[in-house]
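I opened this notebook to record what I looked up in one chain. The entries follow the order in which I consulted the structure.

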Amino acid sequence: ALVYAELEVTSEELREIKNKVLEYDLDLDGIQDQLTCSYWERWGSATCVITTSKFGEVSLNRGCDRFGILKSVSNEMHDLVCNRTERIQWNQKNLEYVWPDE
């Protein structure tokens, strides 16, 4: 199964276009934030950095075949999806996204 994402980017499309910027109000303050993704040639995956108006720049520190922005919210930020189903949630205390295996 594939977790539905409001917006998404895949490593397959980045292989062709190299970079893509998604705009979405991730931090729920009414201002568009940016998810800037590029193709990581060594691993054949997408890697992204988030720039929010509230928290500044947030690196996701991993590569995925697909990154998506979910409708669900945890700790005042929209959740993300990596690959098909791996949900990534915001940690308000550390100001970072936390992977399920951490």
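I began with contacts, where contact means heavy atoms within 4.5 Å. Of the contacts in the chain with a separation of 6 or more, 38% are between residues 24 or more positions apart.

I noted the basis of the entries: this is a predicted model, in which local features need pLDDT of at least 70, side-chain atom pairs count only at pLDDT 80 or more, and totals for chains, interfaces and linings use all residues. Residues are numbered from 1 along each chain as its sequence is written, and side-chain values use heavy atoms, with hydrogens and water left out.

**Elements and overall form**

I looked up the secondary structure, taking helices (H or I, at least four residues) and strands (E, at least two) as DSSP runs numbered from the N terminus. The chain has one helix and nine strands, and their order from the N terminus is β-α-β-β-β-β-β-β-β-β. The radius of gyration is 13 Å, close to the 13 Å of the globule rule for 102 residues, so the chain is as compact as a globular protein of that length. That radius is taken over C-alpha atoms, and the rule is 2.2 Å times the number of residues to the power 0.38. Along the principal axes, the C-alpha atoms fill a box of roughly 35 × 25 × 25 Å.

**Surface and burial**

I next consulted the accessible area, which comes from the Shrake-Rupley method with a 1.4 Å probe; for residues, only the protein chains shown count as cover. The chain exposes about 5800 Å², of which carbon and sulfur atoms supply 46%. Buried residues make up 38% of the 102 residues; buried means under 20% relative accessible area, exposed over 50%, and partly exposed in between (1.4 Å probe, protein chains only).

**The nonpolar core**

Which residues touch the most other members of the largest nonpolar core? I found L26, L35, I50, L60, F67, L80 and Y97, in a core of 23 residues. β2 (19-24), β3 (33-40), β4 (45-52), β6 (66-74), β7 (77-82) and β8 each give two or more residues to this core. Such a core is a set of buried Ala, Val, Leu, Ile, Met, Phe, Trp, Tyr and Cys residues joined through side-chain atoms within 4.5 Å. I then followed L35: beyond its neighbours within four places in sequence, L35 is in contact with K20, V21, L22, C48, V49, I50, L60 and I69.

**G68**

I located G68 in strand β6. Is G68 buried or exposed? Its relative accessible area is 0%, so G68 is buried. Apart from neighbours within four places in sequence, G68 is in contact with A5, L7, E8, D79, L80 and V81. G68 and E6 are 62 residues apart in sequence, yet 7.0 Å apart from C-alpha to C-alpha.

**Loop residues**

I checked phi, since most residues other than glycine have a negative value. K18, in the loop between α1 (11-17) and β2, has a positive phi near 75°. K18 is partly exposed, with a relative accessible area of 40%. Phi of E76 is also positive, near 75°, and E76 lies in the loop between β6 and β7. E76 counts as partly exposed because its relative accessibility is 45%.

My last entry concerns N94, in the loop between β8 (86-91) and β9 (96-98). N94 has 44% relative accessibility and so counts as partly exposed.
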